[in-house]
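Colleague: I'd like to learn how to read helix packing and cavities in a model. Could you walk me through some cases?

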Amino acid sequence: ETIAKEFSFMQSQIGYDILAEDTITALLHNNKKLLEKHITEKEIDTFVKLLREKRDCKFLEYLSDLCVSSSQAIARTQEMICKSVLEKNSDILIRTKLELNPCVEDMILDDNNSLPTGLSSQNMLREVILTWDGKSESIEFMAGVVRDQLAHPRREEFRNILEYYRYQLSLYSHMCFDRQYLAIDNLSPELSIDLILTCTKSENLPGTLRASFCRLMVHMHVNRDPQEEVTRIKYARLWNQVKTEVSLSDYDECHSLEPVEKNENRPRFETTMKFVEDYLKTVVEQPNSFSDREQNKLTHEVVNLARRLIFFGFYSFEDLLKLTQTLLGILDTSKVLTSLTNNTQNEQGGFPLIIGGQKLTKKYEHALSTLTTTAIIPNAGSVFADTTTEQQTEILDDLAYETKMNVIAILEFILDIRLDFRISRLISIFKQKYDRIDSPTNIGMDLNSADIECIFDCDSPNLDLDNDKGKTFLKVLLNLVMHDYQPLVSRALSLLFRHFNQRKETLQHLNQVQLLVSETDIKNYKQIKRDLDQLRLFVEKSELWVYKKGKEGGGQSGNLNDQDDKKEEDFDIKKLAFSTGFGEPELENGPQINEESAYRYTSIFQ
């Protein structure tokens with residue numbers, strides 16, 4: 001705070017190559033208090049002016065750092081940067097356009113004149129074009145020149161353009177971070193889902209550039225309305241919607257508290273989901289998949305994209321169970337496997353267990369043999385993971401550890417959904433017994449432990465995460481526990497504890513479930529849920545409709561333009577309010593409050 005008082009002086013030294021801008025950025029990095037207090041339009045305009053003059057990527061990076069602090073969006077700074085960059089200085093940005101060109105072999109020829117009369121829509125060639133300073137070029141062509149043609153006369157220019165564009169995409173991601181709709185609404189028409197996915201899938205582009213596109217997909221198109229995170233465990237359930245039979249196929253429909261409406265947005269992300277699944281399978285199939293640090297950046301962003309799609313409910317529970325084997329493959333650290341010959345097996349009578357360079361005694365060997373000799377490689381037979389060799393050959397960087405942390409977060413989500421499924425089955429068994437008995441007081445006598453144990457022991461449906469009765473799941477977690485990255489060890493241990501306490505966990509959460517039976521309770525619940533969803537949406541989009549009053553004593557600085565802007569914003573607010581059922585009096589004075597409830601409300605003064 002003491003150093004921050006000299007902000008005005010440090011700002012006056014920017015541009016003289018004495019690291020003034022680096023000092024300011026380092027001082028503000030992950031410091032939300034200083035960002036909100038000391039960053040004004042003056043500082044933003046200074047960085048934008050220097051960006052215009054020098055076209056240096058570091059100023060784009062500085063602007064990105066001002067948008068987010070400790071993974072929290074600074075809405076005020078985001079808004080100022082949006083107005084300065086997107087509205088006042090949009091000419092300093094590289095523009096992007098997706099062109100669809102027909103493939104020659106897909107042209108439909110007329111037999112009479114042998115000229116193209118139509119085009120097939122199946123295999124259109126998608127080409128992303130970048131435009132800057134009156135010049136245009138294909139992004140893949142530029143990447144190819146930079147990678148392969150060392151003597152090309154424009155290679156250095158293309159390299160600088162791609163680097164500048166990568167930092168620009170990073171700035172876009174930070175401007176859209178945490179659902180900042182001022183940036184999302186402005187940028188999403190130009191950077192469509194199809195365009196971003198085309199660049200993310202292109203293997204001709206550098207891994208870091210593909211990672212930037214993937215990150216932009218998350219913040220611009222996935223993490224926005226109408227998507228909202230799935231409620232993992234539902235503690236309030238409607239009795240009239242509880243079915244007597246619950247299967248995986250209809251779980252998404254029967255477990256919800258109200259009828260599920262098909263998400264109109266889901267078809268737009270089908271190709272994205274297919275790309276994510278294919279890419280994750282490729283990561284599993286590659287030996288030492290985390291050895292390439294550049295590729296790790298793309299893997300990290302793709303896993304983060306998968307995490308968002310899963311949390312927002314784009315995958316059904318049945319799809320999640322199929323995906324877990326791929327996720328466990330990413331977590332598996334035993335990439336270097338040592339297969340012993342049959343002669344060695346016959347001589348020694350099995351595989352010796354070596355952990356930390358010491359051979360285990362028979363006591364521990366018997367306990368862990370099934371875990372250590374199980375690998376996530378289909379049809380691989382018996383293999384042995386030498387953890388000593390693995391530790392020497394594969395050294396993970398922090399980004400790879402963060403990727404594995406995201407995978408564990410997905411597994412935790414899947415375990416929560418599995419827990420909710422089991423609770424749904426228990427309630428359905430409860431309803432079966434309840435419907436068959438004459439007196440509700442005898443229901444406890446009609447339930448037995450066999451009915452409850454069937455949800456854990458039966459193979460239909462199979463709720464194991466690895467189709468191997470949990471052996472592979474345990475083996476992967478035990479390998480993770482031996483890492484030096486403490487957050488990963490902690491999360492792996494947490495999953496281990498959950499795995500061995502499934503029955504206890506289910507009963508604890510079942511005790512918290514409330515069944516809404518009366519029509520009044522059901523009606524009240526649905527109304528409260530609708531109101532809360534509407535309130536959440538209003539707050540989420542507040543930057544689009546809240547009118548910020550100017551400082552008093554501003555004189556005539558607002559003038560006619562400010563008055564016109566205020567009228568337009570007031571009109572938008574009224575339009576938004578009327579669409580939700582409010583009238584003019586309620587908009588000005590608020591809804592009427594009963595005298596009995598008046599004491600619950602508090603007036604807030606600015």
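Modeller: Here we go through some helix pairs and then a cavity. This is a predicted model, where local features need pLDDT of at least 70, side-chain atom pairs count only at pLDDT 80 or more, and totals for chains, interfaces and linings use all residues. Residues are numbered from 1 along each chain as its sequence is written, and side-chain values use heavy atoms, with hydrogens and water left out.

Colleague: At what angle do helix 10 and helix 11 pack?

Modeller: Helices here are DSSP runs (H or I, at least four residues), numbered from the N terminus. Axes are lines fitted to C-alpha atoms over the stretch in contact, with angles from 0 to 180 degrees between N-to-C directions. Helix 10 (residues 193-201) and helix 11 (residues 207-222) pack at about 150°, their axes 8 Å apart. That makes helix 10 roughly antiparallel to helix 11 (over 145 degrees; under 35 would be roughly parallel).

Colleague: Which residues of helix 10 and helix 11 meet?

Modeller: Contact means heavy atoms within 4.5 Å. On the helix 10 side you have Ile193, Leu195, Ile196, Leu197, Cys199, Thr200 and Lys201, meeting Arg210, Phe213, Cys214, Leu216, Met217 and His221 of helix 11. Those split into 9 nonpolar, 2 polar and 2 charged (Ala, Val, Leu, Ile, Met, Phe, Trp, Tyr, Cys and Pro are nonpolar, Asp, Glu, Lys and Arg charged, the others polar).

Colleague: And how do helix 10 and helix 13 cross?

Modeller: The axes of helix 10 and helix 13 (residues 270-285) come within 10 Å and cross at roughly 15°. So helix 10 is roughly parallel to helix 13. Ile193, Leu197, Thr200 and Lys201 of helix 10 meet Thr271, Thr272 and Phe275 of helix 13. By class, that contact has 3 nonpolar, 3 polar and 1 charged residues.

Colleague: How many cavities does the search find?

Modeller: On a 1 Å grid over the protein atoms alone, a cavity is a set of points where a 1.4 Å probe fits but cannot get out, and lining residues have an atom within 4 Å of a point. The whole structure has 2 cavities of 30 Å³ or more.

Colleague: Which helix gives the most to the lining of the second largest cavity?

Modeller: Helix 19 does, with 4 residues. The lining of that second largest cavity divides into 3 nonpolar, 3 polar and 4 charged residues, including Arg418, Phe473 and Glu505.

Note on methods. Helix = DSSP H or I, 4+ residues; strand = E, 2+ residues; numbered from the N terminus. Parallel < 35°, antiparallel > 145°, perpendicular 65-115°, else oblique. 1 Å grid on protein atoms, 1.4 Å probe; cavity = no way out; pocket = protein on both sides within 12 Å on 5 of 7 lines; lining within 4 Å. Points joined across faces, edges and corners; volume = space filled by probe spheres on them.
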